[in-house]
Amino acid sequence: MIKTQRSNNSTLRSILLIAFSLLCSLLLWVYVTDTEGKTITEPFPGVAVRLDGVDTMRESRGLIVTDISATSARVMLTGSRRTISALNAKDLSVSVDVSTITRTGYYSFAPDVNYPTRVDSNALSAEIVPETIRFYVDMLDKKTIPVEGAFNGSAEEGFVAEPLEFNPSTIIIYGPEQVLSQVRCAFVDVTRSDVDRTLTFDSTFVLLDNEGNPFESEEITFDTETVSVTLPISAVKEVSLAVDLVPGGGATDANVHWSVEPASITLTGPSEVLEGVNNITVARIELAQITEESFSETYRIVIPNDTEITSGAREAVVKLELAGLSKQTFSVEKSNISCINISEGYDWEILNDSLDDVVIRGPAEALSRVTGLNIRAVADLTEYGNVTGYVTVPVKISVDGNTEVGAIGEYKVYVNITRTGEETG
C-alpha cells in the first residue's frame, strides 16, 4: 500500500510540472506577441537625400541642380517594433523627383522616404526633418580650360627636365556658369626623382581657381578624368667649338694660331644624339683666302638636329694669327696661263697679256726660289658648257716644283670661247 501511494504522488508531480510548463509557454507567447506588435516611434538620423531625374534634366533640357539645402535628413518612423527594429539608416533614403522641372529658378519640394523592398511601407508612417528640400536649378554651362603642371622632382646628373607636355592640352568642364567662372586651369603635379629618360604616363589633375588655389565642387564634371603626361628628359653635354683649317697659300696649321669665343657651349638633347658629339666645327677656313696676318670673323653656331644650346651663345667669333710667312708679288706671263675642261667642239683664247700682282706666300727660304717662270694660272671651263663669247673665269695658281709656297687671294682672266672653226674677231 505504501508503494502504491508513492506511485500516485510521482504521477501527480509530473502532471503539475507539465501544467506549469504549458502556463509559462502561454505567458511567454502572450508577452512576445504583445511586445512585437506594439507601435513605437524611432529616429533614423543621417539618411541620404537623393535627387531623382537629374540625368533627364541634364540631357534633355540642359539644366543642373545647385545649392541643395540638405544632403541628409532625419527620419522619424512610427510602426510595429518588429518592423522598425529590422531597419537602419542605410536601408532608407529620402528622394525628390526633379524630372518634371523645365526652367531655371529656386524650388522647394517635400521629400519622400524610400524603404527596402522587404518592408511594407503601408505599415509605417514617417516624419522628415527638414520637411522640404530647397535647391536652385541653373543652366548647364561648359568651359574649356588649359592643362598646366609642374615637375617638382629631380633629373639624374647629366640630364635636364624639359617643360611638361599634356594630351589633351585642354579639357572641358561642365557645371553652373557661376561655378565654372571661378576655375582657371587643370593642374598636374609630377614628383619623380633621379629621372634619366623621357616618361609618359596617365595622371589625374586638380582644378585651380583664379588665385591659383585648389578648387573643388561636386557640381563640376569633366569630359575626361585623366590626361596623358610626357616628361621630356634631355641629356646635357658641354662640347668644344673648333675650326677646320684648309692648308693653302703657303700656310699650314703650323703657321696658324687660332681661337674661338666662346670656346665651348652646353647642349641638351637626346642622349643617343649627343653621345657621338664631342666638338662642333663653326667654320671651314681656306688659308689661301686669308691675305692678312690676322683675321677675325663671326659665324653662326650650327648644332645637331633635335638639340638645343642652353648656354645662350648662338654665334662664335673666330680669330686667326699667321706667323713665320713672307709674301712677294709676281707677274704671270701669258704663256703660263691656260684653260682646261673646254667643251667638245669649242676653242678658247686668253685675252690677258699677263696676270699681274699675283701674291705668293710661304717661308722666306722657299719663297726666294720662286720666279715668274714657274708660276702657272689655270682656268677651269667646266661650268661654261656651250657658252660662247667673252667670259671672266677664276684661275687656280700653282708654283712648279715648290709645295711650300702658294698664292693668296682670288684671280681671274678673260677668255674668248668660240666654236671650233669660227674665226675670232
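1. Basis of the remarks. The model is predicted, and local features are taken only at pLDDT of at least 70, side-chain atom pairs only at pLDDT 80 or more, while totals for chains, interfaces and linings use all residues. Residues are numbered from 1 along each chain as its sequence is written, and side-chain values rest on heavy atoms, with hydrogens and water left out.

2. The five-stranded sheet. Helices and strands are DSSP runs numbered from the N terminus (H or I over at least four residues for helices, E over at least two for strands), and two strands are said to pair if DSSP finds at least two bridges between them. On that basis five strands form an open sheet of mixed pairing in the order β6-β4-β1-β3-β7. Because β6 (112-114) and β7 (125-129) each have a single partner strand, they stand at the edges, and one side of each is left without a neighbour in the sheet. Neighbouring strands are turned by 40 degrees against each other on average, direction ignored; the axes behind such values are lines fitted to C-alpha atoms, for helices over the stretch in contact, with angles from 0 to 180 degrees between N-to-C directions.

3. Pairing inside that sheet. Strands β1 (residues 39-52) and β3 (residues 72-80) run antiparallel and are joined by eight bridges, with Thr 39 standing opposite Ser 80 in β3. Strand β3 is also joined to β7, again in the antiparallel sense, by five bridges, and here Arg 74 has Val 129 of β7 as its bridge partner.

4. The three-stranded sheet. A further open sheet has the order β19-β24-β22, with antiparallel pairing. Its edge strands are β19 (256-261) and β22 (294-300), each of which pairs on one side only, and the twist averages 15 degrees from one strand to the next.

5. Aromatic pairs. Rings of Phe, Tyr and Trp (its six-membered ring) pair if their centres lie within 6.5 Å, planes under 30 degrees apart counting as stacked, over 60 as edge-to-face and the rest as tilted; the whole structure holds five such pairs. Tyr 107 and Phe 135 have ring centres 6.1 Å apart and planes at 20 degrees, so this pair is stacked. Since Tyr 107 lies in strand β5 (residues 105-109) and Phe 135 in strand β8 (residues 133-151), the pair ties together parts that are 28 residues apart in sequence. With buried meaning under 20% relative accessible area, exposed over 50% and partly exposed in between (1.4 Å probe, protein chains only), Tyr 107 is partly exposed at 21%, whereas Phe 135 is buried at 1%. The rings of Phe 205 and Phe 222 have centres 5.3 Å apart and planes at 90 degrees, and the pair is therefore edge-to-face.

6. A cluster and a charge. Tyr 107, Phe 109 and Phe 135 belong to one aromatic cluster. Elsewhere, the charged end of Arg 192 sits over the ring of Phe 201 at 4.4 Å from its centre, the criterion being NZ of Lys or CZ of Arg within 6 Å of the ring centre and within 35 degrees of the ring normal.

7. The nonpolar core. A nonpolar core is a set of buried Ala, Val, Leu, Ile, Met, Phe, Trp, Tyr and Cys residues joined through side-chain atoms within 4.5 Å. The largest one has 29 residues, and Leu 355, Ile 360 and Ile 397 have the most contacts inside it. Among the elements that each supply at least two residues are β28 (354-362), α6 (364-367) and β32 (411-419), while β30 gives the most, with five. Taking contact as heavy atoms within 4.5 Å, and not counting residues up to four places away in sequence, Ile 397 touches several residues, including Leu 355, Val 358, Ile 360 and Tyr 411.

8. Thr 83. This residue is placed in helix α3 (residues 81-85) and is partly exposed, at 21% relative accessibility. Residues up to four places away in sequence aside, Thr 83 touches Val 119 and Leu 124. The C-alpha atoms of Thr 83 and Arg 118 are 9.9 Å apart in space, although 35 residues separate the two in sequence.
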